[in-house]
Amino acid sequence: MKPTSPLLRSTPPSASFARLAVSLGVAATAVFAQAQAQTSAQTPAQTPAQAQAQTPVLAVTPVMEKLRGPWDLAFAPDGAMLYTEKCHGLWVRLPDGSTRHLFGTDGAALAAPDIFCQGQSGVHGVAIDPSFAQGQRRIYVFLASNLQTNPRGNRVVRLDVGLDWKTVSKRTDIVADIAFKDARRVGGPGAHSGGRIRFGPDGYLWVTTGDNHDPGLPQDPERLGGKVLRVDVDGRAAPGNNAPPGFDARIYSYGLRNAQGIAFRPAGQPGAGQAFTTESLRRQQVASQPQRIDAFDLTLASGQKTTLN
């Protein structure tokens with residue numbers, strides 16, 4: 001199989017931001033960019049020479065190569081790096097550099113014959129239980145599944161992993177009814193599933209879902225597509241979601257297209273803990289070249305969001 005681009009490790013000026021940017025992708029980058037913009041607005045204008053002198057220099061080192069469609073990664077307290085491959089499942093890279101296939105296709109410690117990849121969908125987000133270091137060795141994965149058909153679906157599963165990273169057990173499907181695009185409308189099957197999952201500073205699991213190219217889905221009060229979900233470790237609605245009357249109580253925000261990034265404002269800043277999501281909006285022609293336009297949203301309870309760009 002043709003290898004994809006290597007997974008890279010960067011060394012920017014701030015190590016804490018490096019971990020956030022690698023872990024959360026474009027959403028974290030957007031949060032950092034907004035913070036930089038706010039800082040710039042409060043400081044005197046710089047000359048081009050001053051700006052050039054302060055430009056950070058990044059040292060980039062390949063950490064892994066020949067990955068097959070990597071989608072997400074998360075770091076365990078012991079330094080192990082969990083990562084997903086869209087069509088193969090969940091892997092771990094241990095501190096000694098060795099890798100193990102934990103969950104997914106044939107050869108994994110725990111096989112999952114129901115997973116599949118099609119279009120933009122497959123095995124997407126991975127998150128680590130906040131109490132992992134205290135013995136709750138649980139991992140959460142967002143994936144496309146054919147356990148249900150007509151239509152098939154996306155779901156979030158919880159897994160227990162052994163101390164030696166060799167065993168995986170107790171699969172529990174905590175959210176089993178996230179919308180999946182089976183029918184061909186605009187684009188092909190498997191489009192716009194979302195799929196980023198992260199634990200927020202509140203201890204609850206946040207799940208982004210896509211609209212499946214269905215214009216009615218993001219506004220649908222019962223179907224879990226085009227939404228941000230906020231649930232506990234068993235998949236139950238978290239308190240404080242404030243879903244509107246008639247809405248599924250797990251819904252924190254709705255009206256999204258295909259949110260695939262989520263990050264939270266760090267402690268010590270105004271609005272600490274606020275959720276920010278990124279979503280792709282549309283394509284437009286610029287100088288005869290297709291260009292994707294993305295949105296950066298402040299996500300609030302009661303289904304509200306504020307697009308910041």
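Let me start with contacts, meaning heavy atoms within 4.5 Å. In the protein chain, take the contacts between residues at least 6 apart in sequence: 50% of them join residues at least 24 apart.

A word on the basis. This is a predicted model: local features need pLDDT of at least 70, side-chain atom pairs count only at pLDDT 80 or more, and totals for chains, interfaces and linings use all residues. Residues are numbered from 1 along each chain as its sequence is written, and side-chain values use heavy atoms, with hydrogens and water left out.

Now the inventory. The protein chain has 3 helices and 19 strands. Those are DSSP runs, numbered from the N terminus: helices are H or I with at least four residues, strands are E with at least two. Of 309 residues, 45% count as buried. Buried is under 20% relative accessible area, exposed is over 50%, and partly exposed is in between, with a 1.4 Å probe and protein chains only.

On to the cores. A nonpolar core is a set of buried Ala, Val, Leu, Ile, Met, Phe, Trp, Tyr and Cys residues joined through side-chain atoms within 4.5 Å. The largest one has 23 residues. Leu82, Leu90, Leu102, Phe103, Ile139, Val141 and Trp165 touch the most other members. Strands E5 (89-93), E6 (99-104), E8 (126-128), E9 (138-145) and E10 (153-161) each give two or more residues to this core.

Two strands pair if DSSP finds at least two bridges between them. E9 and E10 run antiparallel, joined by 8 bridges. Val141 stands opposite Val157 in E10. E10 and E11 are also antiparallel, with 7 bridges. There, Asp160 stands opposite Ser169 in E11. The hairpin of E10 and E11 has 6 residues between the strands, and Trp165 takes a positive phi near 60° in it.

Next, charges. The structure holds 16 salt bridges. The criterion is a side-chain nitrogen of Lys or Arg within 4 Å of a carboxyl oxygen of Asp or Glu.

Which residue pairs with Arg155 in a salt bridge? That is Asp173, at 2.6 Å, N to O. Asp173 sits in strand E11 (residues 168-179) and Arg155 in E10, 18 residues apart. Arg155 is buried at 7% relative accessibility, while Asp173 is partly exposed at 25%.

Arg158 bridges to Asp234, with the closest N and O atoms 2.8 Å apart. Asp234 lies in the loop between strand E14 (227-231) and strand E15 (251-254), 76 residues from Arg158. Arg158 is buried at 9%; Asp234 is partly exposed at 36%. Shared partners also join Asp114, Arg155, Arg171 and Asp173 into one network of salt bridges.

One last pair. Asp72 and Arg196 meet in a salt bridge at 2.9 Å, N to O. Asp72 is in strand E3 (residues 70-75), Arg196 in strand E12 (residues 194-199), 124 residues apart. Asp72 is buried at 3%, and Arg196 is buried at 11%.
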